[in-house]
Amino acid sequence: MNLLLVLPLLVPLATAIATILLSRAPRAARAASFAGAAGLLAASGFLLSATIDGTILVTQSGSWPAPFGISLVADRFAAAMVVVAAVILAAVVAFSAAGIDAARERFGYHPLLHVLSMGVCGAFLTGDLFNLYVWFEVMLMSSFVLVSLGGERAQLTGALKYVVLNLVSSALFLAGAGLLYGSVGTLNMADAAVALRALPAQGLPSVVATLFLVAFGIKAAAFPLFFWLPASYHTPPMPVAALFAGLLTKVGVYALVRVLTLVFNRDPGFTSPLVLWIAGLTMVTGVLGAMAQTDVRKVLSFHIVSQIGYMLMGLGVGTRLALAGTVFYVLHHIVVKANLFLVAGVTRRVGGSFSLDRLGGLLGRSPLLAAAFLVPALSLAGIPPLSGFWAKYLLVRSGLEAGHGAIVAVALAVSLLTLFSMTKIWAEAFWKPAPAHDPGASTPPLSVAERASLLGPVLALCAITVAIGLGAGVLFRFADGAATQLLDPDLYIRAVLGTRGGGS
Amino acid sequence: MTFVLALTIGVLYATGTYLLLRRGAVRVVFGLALLGYAANLLIFTAGRLVREGPPIVPAGAFAPPVPSADPLPQALILTAIVIGFGVQAFALVLLKRTCQEAGTDDVDGMREEGS
């Protein structure tokens, strides 16, 4: 039993239990919650340092040898995802000290955050498809409650859409897992990959691959099944939305990358064009949807959708550089997107509104907040030297090298429109003079405690974005290593199955 | 028998999808439940149907007798049923609260004027 692989699951679970027990003592619960997030960060750091040299860590739970037990596996990609998840959780918990109301804290806000992160980490680390379904449900169940916690009308109608479409996705995923078990008799990803080599690449495996594509596509909010996201992500309080925006859709992307590179990698003539089409349409519909919105939260929600397209683009192109681009993009994007939602939360607190029509003059009132908005916003649009520029550069270059000119053109155009959206928020909320009936005029200035709790995490995430941008070489080498592992599934298979999975 | 189950699964999927596309939120939640049942039956059938062959290894042997039923799909379905039960219970409560707040069970009527 390798403790490193189990800790990212145990720490959030223990924290969730502790925060439930401390629910009557909000201060202690908050402290425990923060300690748990810091603990997860430390655990994920150890996991990353153990996998960064290319080792694939494997643990068979209950010491049942694979494929009979559930394998937990961490390669570079999985370990890095756990690290970013821990970073976002820590930022969100710190933000929640002043950014969430006491009523929500009393009704299980902190335990739910940690159960959600347990589900997310489990989904990253599992090597078993049915177990992945279970982690998805752990994650979904806590997200269902988090999204509806508070019971405001807009929240409830948003939650209903969120719940229904995610459950449809789960049912499809379950059906896919059932069909896969029926055809190869195993659900261990490594074992299934080996067993599928004995079957023809077309036919039933393609059907199952499509089912997974649709199921994970819904979770990742890819075209055409992304409607649940802009209908629900703007309704919960901003720390919750930041956690969702950063992590949940990316779990879908991660699962897609994992399944298409490891298990269903034998029919790229069928999957690659499909993924590329989905990627292009996702980018375009997302960005066009964002242009029509005047609510900061909705603009940001639609941009999650369009950014998912970029991540899928790398998967569709499928070369080593492209997959490195996808890994880079996912890691950078999680930080940037969660940060933008946190900034929106501070904007609401300082400016009194989420609506671009009613906001204004924030540049004068809080120059620090304005700067903290610009960093992730420009990074999202891909302005050098911030992290988003390098992520887009990798994808565009890999697309050109592989001869996919059309998707590159789409990616560049969409990135221009992203810049338009971000400058719109900048001009309306920060730059233009405060409107006559300024809802922000009546908000009290930020207290010292609020500054630390609200602006602290935002600035920390900004620093990460700048650091990724300036030290892009380091992250690129890492992403390249992760892509090498993804493109050589035998490494993964040998690590999980031992000698049995040897030759191909 | 496989044919009958396949037919049942098809009917469940069709009914579930039809209900999901209706405007009444109650029907939508029933549709979700039916989709879940269909997936469970699909796993059951995909695990191959064997009558009266318990997968118990006889004394002295190292493998269960052939043909014997595969116990794993049933374990999977059991897990899926438990998860599905919890999720559907939550969906029903959410539905009830939403209908109370929105004053309608028409999904199209649940716009966000209130926000």
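Predicted model: local features only at pLDDT ≥ 70, side-chain atom pairs only at ≥ 80, totals over all residues.

Colleague: Is Ser63(A) buried or exposed?

Modeller: Ser63(A) has 8 C-beta neighbours inside 10 Å and therefore counts as exposed. Ser63(A) sits in the loop between strand S1 (57-60) and strand S2 (71-74) of chain A. Its phi is positive, about 60°, although Ser63(A) is not a glycine.

Colleague: Where is Ala221(A) found, and is Ala221(A) buried or exposed?

Modeller: Ala221(A) belongs to the loop between H9 and H10 of chain A. Ala221(A) is buried, because 28 other C-beta atoms lie within 10 Å. Phi of Ala221(A) is also positive, near 60°, in a residue other than glycine.

Colleague: Which residues does a cis peptide bond join?

Modeller: One such bond joins Phe223(A) and Pro224(A), with omega about 0°. Pro224(A) lies in the loop between helix H9 (204-220) and helix H10 (228-232) of chain A. The peptide bond from Pro384(A) to Pro385(A) is cis as well, with omega near 5°. Pro385(A) is in the loop between helix H16 (367-381) and helix H17 (387-401) of chain A.

Colleague: How many residues of chain A are in contact with chain B?

Modeller: There are 24 residues of chain A in contact with 30 residues of chain B. On the side of chain A that touches chain B, H7(A) provides the largest share, 17 residues. That side divides into 17 nonpolar, five polar and two charged residues.

Key
Residues numbered from 1 in each chain as written. Chains lettered and ligands numbered in written order. Contact = placed C-beta atoms within 7 Å. Helix = DSSP H or I, 4+ residues; strand = E, 2+ residues; numbered from the N terminus. Nonpolar A, V, L, I, M, F, W, Y, C, P; charged D, E, K, R; others polar. Buried ≥ 20, exposed ≤ 12 C-beta atoms within 10 Å, placed from the backbone.
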